[in-house]
Amino acid sequence: AAYFIAYCRSHGLDPFRRDAFLVKYDQKTAAQVVTSHAYFLRRASRNPKYRGFQSGLCVSNSDTEGVIIDIEGGILPPGSILLGGWCKVFMHEYHEPVTMKLPLEEYNKSQATWRSMRNTMIIKCAEAHAHRKACPDELGGLYTEDEMRAAQGDGEKYAAPKPKHADNEVMDAEFADLEEELAEEEEENLSTHENEEAEEVDKE
């Protein structure tokens with residue numbers, strides 16, 4: 001848990017907003033830190049060059065004669081074969097969008113979530129890859145829960161964990177300190193934004 005706190009602080013993650021989780025995939029390995037998909041999109045949007053994204057499915061059918069086509073969104077047309085997912089991230093002053101295409105066979109290992117929502121899952125993984133590639137300063141080294149599920153399977157997820165052991169009071173205090181620190185930072189950012197708006201009004 002102490003590592004989780006330090007990790008969140010170093011990457012600007014707020015576990016109380018469910019930006020990050022501790023996920024334990026089996027009894028033999030330690031819990032791993034994963035981030036939420038929503039956090040990826042929110043963090044990327046802070047990049048001043050970010051201009052949004054498009055995503056969808058890579059499919060083929062008898063009409064395309066084996067040619068792979070990209071369709072936007074997650075609805076698989078009747079008679080089509082799902083091959084993967086794609087995402088394009090648009091950045092200001094980039095000549096081409098940052099594009100990522102992922103093959104379904106490398107990610108779909110018949111995990112529970114992939115069996116029920118494979119279209120959605122492969123798209124979300126493609127979105128995470130593309131945003132990480134487009135915004136390395138903001139997202140480099142971070143991986144989403146969906147990507148880790150593809151690699152490790154479904155695990156047991158913990159949010160802002162508080163383990164039961166002799167040092168429980170210390171851990172509770174650390175989480176309390178983190179929550180207070182994050183609240184102060186949010187208040188400071190809000191105050192700065194309000195001051196900037198006031199200065200703009202004065203200039204007008």
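Me: What makes Gly73 a loop residue?
Reply: In this predicted model, Gly73 sits between β4 (69-72) and β5 (81-91), in the loop that links them. Strands here are DSSP runs of E, at least two residues long, and helices are runs of H or I with at least four, numbered from the N terminus.

Me: Why is Gly73 called partly exposed?
Reply: Its relative accessible area is 27%. Buried means under 20%, exposed means over 50%, and partly exposed is what's in between (1.4 Å probe, protein chains only). So Gly73, at 27%, lands in the in-between class.

Me: Which residues does Gly73 touch, leaving aside neighbours within four places in sequence?
Reply: Ser55, Gly56, Leu57 and Ile123. They count as contacts because heavy atoms come within 4.5 Å.

Me: How many helices and strands does the protein chain have?
Reply: Seven helices and seven strands. Also, 39% of its 204 residues are buried.

Me: How do you know what confidence the model has?
Reply: By pLDDT, the predictor's confidence in each residue, from 0 to 100. The protein chain averages 80, and 73% of the residues score at least 70. Over residues 160-174, though, pLDDT stays under 50.

Me: What are the ground rules for numbering and counting?
Reply: Residues are numbered from 1 along each chain as its sequence is written. Local features need pLDDT of at least 70, side-chain atom pairs need 80 or more, totals for chains, interfaces and linings use all residues, and side-chain values use heavy atoms, leaving out hydrogens and water.
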